[in-house]
Amino acid sequence: QLQLVESGGGLVQPGGSMRLSCSASGRTFSSLAMGWFRQAPGKEREIVADINWSGGMTLYANSVKGRFTISRDNAKNTVYLQMNSLKPEDTAVYYCAARPNIYYSSTYSLRESMYSYWGQGTQVTVSS
C-alpha cells in the first residue's frame, strides 16, 4: 500500500505562485511514476502533470505548460508541483496520484484508472 498526503494549497492572487507537496509512505515511492490531477467545481478531474520514477521525464497538460513544474525528491519520498503565473481558472482541488512506471509520451495517453493510489486532495483558490 502507498499513502499519499498533499499539502501547500490555499488562496493566492492571480499572477502569484504556489508550491504543492505530496508526501508518500508505505510502498517503494521511487519505483512509481507520479501525477498531479485537479478537479474544478462542476468539472471532471483532469491530468495536470506527470513525472517518471527518476524525474527525468515529465509531461504537462497544455493548459499549464510553461507555468507549472513537476519534480520529485526520492530521498524525501515527495513529489512537488510548482505553480507560477496562476490564473482564476487554475482554481480546483489538486490531487497527487501514483501509477506503475510505464512510459507514455503525452498526457493525452494518461487516464485516472492507470493510477492506483490517490491522496485526499488540497484546495487551491486563485482569486483577488
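Q: What is the handedness of the disulfide of Cys 22 and Cys 96?
A: In this predicted model, the sulfur atoms of Cys 22 and Cys 96 lie 2.0 Å apart and form a disulfide. The torsion about their S-S bond is about 50°, so the disulfide is right-handed.

Q: Which strands hold Cys 22 and Cys 96?
A: The two cysteines are both buried. The pair links distant parts of the chain, 74 residues apart, with Cys 22 in strand β3 and Cys 96 in strand β9.

Q: Is Thr 78 buried or exposed?
A: Thr 78 belongs to strand β8, and its contacts beyond four places in sequence include Cys 22, Phe 29 and Arg 72. A polar atom of its side chain lies 2.8 Å from the backbone oxygen of Lys 76. Buried means under 20% relative accessible area. The relative accessible area of Thr 78 is 6%, and therefore Thr 78 is buried.

Q: How many bridges join strand β4 to strand β9?
A: Strand β4 covers residues 32-39, and seven of its eight residues are buried. Leu 32 stands opposite Pro 100 in β9. Strands β4 and β9 run antiparallel, and the number of bridges joining them is eight.

Q: Which residue in the hairpin of β4 and β5 takes a positive phi?
A: Strands β4 and β5 pair in the antiparallel sense over five bridges, and Phe 37 stands opposite Ile 47 in β5. The hairpin has six residues between the strands, and the positive phi, near 75°, belongs to Gly 42.

Q: Which residues have the most contacts inside the largest nonpolar core?
A: The largest nonpolar core has 31 residues. Among the elements that give two or more residues to this core are β1, β4 and β9. The residues with the most contacts inside the core are Leu 4, Trp 36, Leu 81, Met 83 and Tyr 94.

Q: Which residues are linked with Asp 90 in a network of salt bridges?
A: Asp 90 also forms a salt bridge with Arg 67, the closest N and O atoms being 2.7 Å apart. Arg 67 is buried, with a relative accessible area of 11%, and lies in the loop between β6 and β7. The network links Asp 90 with Arg 38, Glu 46 and Arg 67.

Q: Where does Glu 112 lie?
A: The side chains of Glu 112 and Arg 45 meet in a salt bridge at 3.0 Å, N to O. Glu 112 is partly exposed at 32% relative accessibility, and Arg 45 is partly exposed at 24%. Arg 45 lies in the loop between β4 and β5, whereas Glu 112 lies in the loop between β9 and β10.

Technical notes. Residues numbered from 1 in each chain as written. Predicted model: local features only at pLDDT ≥ 70, side-chain atom pairs only at ≥ 80, totals over all residues. Heavy atoms only, no water. Buried < 20%, exposed > 50% of the residue type's maximum accessible area, 1.4 Å probe, protein only. Helix = DSSP H or I, 4+ residues; strand = E, 2+ residues; numbered from the N terminus. Pairing = 2+ DSSP bridges. Core = buried A, V, L, I, M, F, W, Y, C linked by side-chain atoms within 4.5 Å. Disulfide = S-S within 2.5 Å. Polar contact = N/O pair within 3.5 Å; in protein donor to acceptor, adjacent residues only side chain to side chain. Contact = heavy atoms within 4.5 Å. Salt bridge = Lys/Arg side-chain N within 4 Å of Asp/Glu carboxyl O.
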